[in-house]
Each structure stands twice: as structure tokens, then as C-alpha cells.
Amino acid sequence: MRSDPADYQFFAPRNLHAVIALLAGEPGQWQPLAGGTDVMVLYGAGHLPHKKFVNIWNLPELRAITESPSEIQIGAAATYTDIRNHPAIQQNFPMLVTAASWTGGIANQNRGTLGGNIANASPAADSPPALLAYDAGILLTSVRGDRRIPYQNFHLAYKKTALAPDELIRAIALPKKFAHHLHHARKVGARQAQAISKVSLAAAGQLSDGVIADLRLAVGSVAPIPLRLTKLESALLGKSAASFPPSDLRRLLAEEIAPIDDIRSTSAYRSTVAANLIAEFLERLASPRQTLRANLDSAPSASHANSNPANETATNVTTANATLQSWNALSPAAAAAAILPCCGSQAWAVAMAAARPLADVPALLESSRQIWNALPPTDWLEAFRGHPRIGESQAPSSATAKSHEWSSQEQCQVAKSPEEVKQSLAEGNRLYEQKFNRIFIVCATGKSPSEILQILRRRLQNEETVELPEAANQQQEITRLRLKKWLNVAE
Ligand SMILES: Cc1cc2nc3c(=O)[nH]c(=O)nc-3n(C[C@H](O)[C@H](O)[C@H](O)COP(=O)(O)OP(=O)(O)OC[C@H]3O[C@@H](n4cnc5c(N)ncnc54)[C@H](O)[C@@H]3O)c2cc1C
């Protein structure tokens, strides 16, 4: 530690009013301390320029996330974890959720705040491109009152912002107007996790009659401040996303960015990668299924699949399902965890997450089918173990709460069946487990208890070579129906 605590003053007022009164008393002297994840690094290194710190961590006035019909306001002291876990942010602003998932590790996400990321004003920070692309507004507060400015006007020069010395960022406002856009966030760093970006992109766009009707391109790490590429956006508006000349894209981009050589990368690399990321987004905007094809071809499990999604016709659609759109933007681990209850196999969930972005519901269902069919039986058996026995409500210990809830709905008819049918099912289950050494799997949705009993008795006659694929097919159907429930899509 190269700093001495005795050199610093730290004050922790109880409310926001007392904080801004302190800032106003000695403008520029007191610095807010939120999560401290930037401040404490400088403190440890002995590079902290200020000596007076005022605590804003956990102040209720700054931590709340509020929603109105037209916008979501995220308190400046809301953490990355708060953002990642907030359903309305997941649904409306998936690129911000993705950026939050990129930011450091879990400990950092529990502590680091959105306001701190913005105020710290690093051109390589992860959240600014998403905020720029979403037309964020910044609410600033001081004893003089509140003011709201477009986030686009907040960063003035390298590490210089529009924040007055007595002001605090109170909240970040995001207008809810992107439900029908394609959202596309990419970060290129030295490795997948816990790396400062070499280049990052947040892009959102919408087509109308085959041409670009709305477009937002925001980049990080390619200029002294995070940038919205307004000139390139204007040049692309009204054009076909598929046929914009790459040389024009590179030329227009070069006019707006000013990348540097530093320890993480070179200017030339950053220019090339930024152009590639935008080209990738435009390709996806023009034809999401082309991207689906590329993803499926490169996903390890999907490469063994039987049917070829390359046969699908390319169409100009965007990801309209809100749950799917948010899920496409999650980190791989979060995406696998979110989809796991639909099936129960970890390998399936991981491969589904790796197959993203999935353009629409049919693409997701097809991907699920292919991935499931390509799994080895050990993974099928893991999924089977997530179900209660037919006719029993007790959830196995491996089942998630969501999976248990769905199982109860799937078996609701059986639960109401007469006692003798329940007893026959229990006896059938016992014989099945004796013969096949696993529980009987049947898609119970829409089937009467006596139908299920008939199926059970028939399948008891099967050889293992016939029975295992039949059970796997039943699981696949259960998964298909659960995916539709999860996505809120009617059967
Ligand atoms: C291990 C590690 C990994 C990291 N990885 C990433 C990463 O991948 N991507 C990334 O973008 N960042 C990363 N960071 C940086 C950091 O976590 C973020 O910038 C974080 O959001 C800062 O928030 P904080 O609350 O911790 O800010 P603090 O450290 O408390 O404050 C940072 C600055 O902002 C000012 N400030 C804070 N809140 C306000 C406010 N409401 N109004 C006005 N000024 C304010 C403070 O005075 C200070 O100058 C990482 C940091 C660490 C330590």
C-alpha cells in the first residue's frame, strides 16, 4: 500500500442532501466514494489526487432503479449486480446487462456502480457504449437543483466531463423505445473475462422495407472518450445493411475515431477490429439467420446435428421476442443458467448459450432440437433426473425451482386422478425403474392419467435400445413446451 490513511478525510453523511451540501461547501475538494473499485486501486498505488472523500455507497436516494411507462431510471449508485438482476433492464436494455456482465468479476460487480463507471470517464469503460446507443440521459444534482443532459454531451475530453465541481450524478435515464430493435454488443479484449477492452461496440438498429430505418453505433477504446458514430450512422440510414460497401464503412469510421497505440493494442488493430465489429452487426441486421448459421456451425454440440440450418431462407427479421432478446445479450454463464430449467442437462444449456445469438423462436427451438439429439446418453440421463416420478410431486434435489413449478403444471391432471390410477402408476414406475434403472419420462401435458398409464405399460415391453431414444424424444417435447412457456409464446 503506497498511501497513508492518516492523509485522508472520509465523511459518511446519512442522506443525499448532506452529501451535496458538503460538495457545495468546498467545490472540487470532496470526491464521492461509491463502490470504491476505481478509487481504491488509485489509493493502493499511491496515485489518488484527492484527499477528501464523501461516502455515497448504499444511499437509498442513489441506489433505486425506478420504472415509468416511458423510461427506466437507474440510480447512480446501483451496482452491476443490481443491473444484471433487474427484469425490466434485462428486457429493455440487454446491451447494458451484457456490459455489466463484462465488468470485472462477480465481487467487482457487487461493488462497482454505474455512476462510478461514468464519472471515472475511462474511454475503455464497458457501460458507456450501451448508454450512448440507448440515448441515455444523465441526471445531475447539486444544492443549485437538478439538471438533465444527454449522456452524449457528458464526456468532453479524455477524463474530462460536464460534471460541475459541486455536482453529483444522481441517476441515468434510459428511454424505453428499443423493443423492436436488434441489439448487438461486442467486447474484444485480451481474454474473455476480466480484461479491459481493446475495442467495444454497442449497436442497435431497425430495418423498414429492407433498408436501415434507425441505427445507433457506439464504440469504446477507439478515441479519448466513448463515441457515438453519428456520421457513419447518417451515411447508413436508408441504405441496405447487406450491401453497404466495406471500403466506405472503413473510410467513414476512420473520420470519426482516433485510436491510439498503447500496452493493450495498436491503433491499426483497433481500427480494423472496430470496422469488423460494425460489419458483423450490419450482416446480422440484414440477415439474422445468416448469423444463426455461423453460430450453429461453430457450436461444438451443434456441429454433429442432423439437419442443416443453412437450408433456411434468409429474411430481414429482428429478434422480436423480448425474453429471447435479453437472453441473447447475457453472459454465457448467465444464459446457460437461465435456460437450464427448460431441459435439465447442463451440456444442453451450455451449448444453447454458445449457439447465440438466436434470431427468433423457431431458430431457438430448432437449435434446441439439434443440440439435444447430438448429446450423449449421459447428458440425457442428467435431464431425466430433474423430473419427479409421474404421479409424484416431490421434486428431485437436482431440480431447479422453475423446473419443479413446470413439472407440477405438466402433471396437474395426474395429480387429480383417482387413487387406483395413482397406485397403478406407482406400480408401473416401480417396474420401469427395476427394468431400466431410471425414472419413466413422458410428456404429460395434455394427456389423461389413463393415457399415461397405457403408455407406461406399453413402454415397459420395450428393449433398452428402443426405450432410451423414446424417453429422449419425450424429454425433447417437454423441453420444447417449456421453452415456449419461458418465451411466453402460445402453442
Ligand atoms: C478488478 C477490477 C476489474 C475491473 N474491470 C472493469 C471492466 O471490465 N470494465 C469496466 O468498465 N470497468 C472495470 N473496472 C473499473 C470499475 O469497477 C468501474 O469503473 C466501476 O463502475 C466504478 O464504480 P465505483 O462505484 O466502484 O466507483 P468509485 O471507485 O467509487 O468512484 C470512481 C470515480 O467516480 C466518482 N463517482 C462515483 N460515483 C459518482 C457519482 N454518483 N457522481 C459523481 N462522481 C461519482 C468518484 O468520485 C471517482 O472519481 C474494474 C475495476 C477493478 C478493481
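Student: What should I know before I start?

Tutor: This is a predicted model, in which local features need pLDDT of at least 70 and side-chain atom pairs count only at pLDDT 80 or more, while totals for chains, interfaces and linings use all residues. Residues are numbered from 1 along each chain as its sequence is written.

Student: How many helices and strands does the chain have, and what makes a stretch a helix or a strand?

Tutor: The chain has 23 helices and 14 strands. Helices (H or I, at least four residues) and strands (E, at least two) are DSSP runs, numbered from the N terminus. The C-alpha trace spans about 85 × 55 × 45 Å along its principal axes.

Student: What makes E1 and E3 a pair?

Tutor: Two strands pair if DSSP finds at least two bridges between them. One of the bridges links Gln9 to Lys52 in E3. E2 and E3 also run parallel, joined by four bridges, and Pro32 stands opposite Val54 in E3.

Student: Why are E1 and E2 called edge strands?

Tutor: The open sheet of three strands has the order E1-E3-E2. Strand E1 (9–11) and strand E2 (30–33) each have a single partner strand, so one side of each is left without a neighbour in the sheet.

Student: What makes the unit of E2, H2 and E3 right-handed?

Tutor: A crossover is right-handed if, with the strands pointing away from the viewer, the path from the first strand over the helix to the second runs clockwise. E2, H2 and E3 make a β-α-β unit of that hand.

Student: Which residues of H1 are buried, and which are exposed?

Tutor: A residue is buried if 20 or more other C-beta atoms lie within 10 Å of its own, exposed if 12 or fewer, and partly exposed in between, with C-beta atoms placed from the backbone. In helix H1 (residues 16–25), Val19, Ile20 and Leu23 are buried. Seen down the axis of H1, the buried residues fall within an arc of 90 degrees (taken from the directions from the helix axis to the C-beta atoms), so they line one face of the helix. His17 and Gly25, on the other side of H1, are exposed.

Student: What is the pairing in the sheet of five strands, and which strands are at its edges?

Tutor: The order is E4-E5-E10-E6-E7, in an open sheet with antiparallel pairing. Strand E4 (65–67) and strand E7 (145–150) are the edge strands, each pairing on one side only. E4 is joined to strand E5 (residues 71–75) by three bridges, and Thr66 has Gln73 in E5 as its bridge partner.

Student: Why is strand E12 called largely enclosed?

Tutor: 10 of the 12 residues of strand E12 (residues 197–208) are buried, so the strand is largely enclosed by the rest of the structure. Nine bridges join E12 to strand E13 (residues 211–220), and the two run antiparallel. E12 and E13 form a hairpin with two residues between them, and Asp209 in the turn has a positive phi of about 50 degrees.

Student: Which element supplies the largest share of the shell around the ligand?

Tutor: H8 does, with five residues. Ala34, Gly35, Gly104, Gly116 and Asn117 come nearest of the 30 residues around the ligand; near means that the C-beta atom, placed from the backbone, lies within 6 Å.
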